[in-house]
Amino acid sequence: LVQHIDVSEHSFDQVGGLGRFKAWVDLTKASWSPEGRAFGLRPPKGILAVGIWGTGKSLSIKALGNAWGLPVLQLEMGRLRSSGVGESEANVYRALRIIESVGACIVWIDEAEKSLAGGPSSPHTDAGTTSRTIGILSTWLQETKAPVCVAMTANSLRNLPVEFVNRMNERW
């Protein structure tokens, strides 16, 4: 349901440009430490990296995990889909429990505009399964107290549900 991504070989030395993003990563790193949390710093709940393909968005998320010293878990919505009634929704809940059990981590949703598209599903297309799974994920993102940062990459905002865009602390 979720896949651990090895980020040990990725760093911002491999990423050209993105000076503001790199500075923000340095600035927010302390929010993940016990000292920072005791001081009252709150880790970001989400970031969105948008741009055309091949510009280093995915590499930047991997470098982010390395810079923050956090595991990166890739959540691929296609892996959550199932043919049985209610199984897709159950898989989303199961994936979220796995994510929260890891502790502090980054949840990477690559190509988010494709993975999360289809919010206006209907009984005529998929019996509303896509709408429900997106709703579950959206509510979790808003309500979770787990120390998790959702990092989404997208080539375009066109098909990305607004409820996800608006829940991201930062957009790059």
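Predicted model: local features only at pLDDT ≥ 70, side-chain atom pairs only at ≥ 80, totals over all residues.

Residues are numbered from 1 along each chain as its sequence is written, and side-chain values use heavy atoms, with hydrogens and water left out.

Cores first. A nonpolar core here is a set of buried Ala, Val, Leu, Ile, Met, Phe, Trp, Tyr and Cys residues joined through side-chain atoms within 4.5 Å. Buried means under 20% relative accessible area, exposed over 50%, and partly exposed in between, with a 1.4 Å probe and protein chains only. The largest such core has 28 residues, and L116, L137 and M152 touch the most other members. L137, leaving aside neighbours within four places in sequence, is in contact (heavy atoms within 4.5 Å) with L75, M77, L96, I109, L116 and F164. A second, separate core has 19 residues, including F21, L70, V72 and A151.

Now the salt bridges, meaning a side-chain nitrogen of Lys or Arg within 4 Å of a carboxyl oxygen of Asp or Glu. The whole structure has three. R132 pairs with E89, with the closest N and O atoms 2.6 Å apart. R132 is partly exposed at 40% relative accessible area, while E89 is buried at 10%.

The other pairs share K114: E111 bridges to K114 at 2.8 Å, and E113 to K114 at 2.6 Å, N to O. E111 is partly exposed at 28%, and E113 is buried at 6%.
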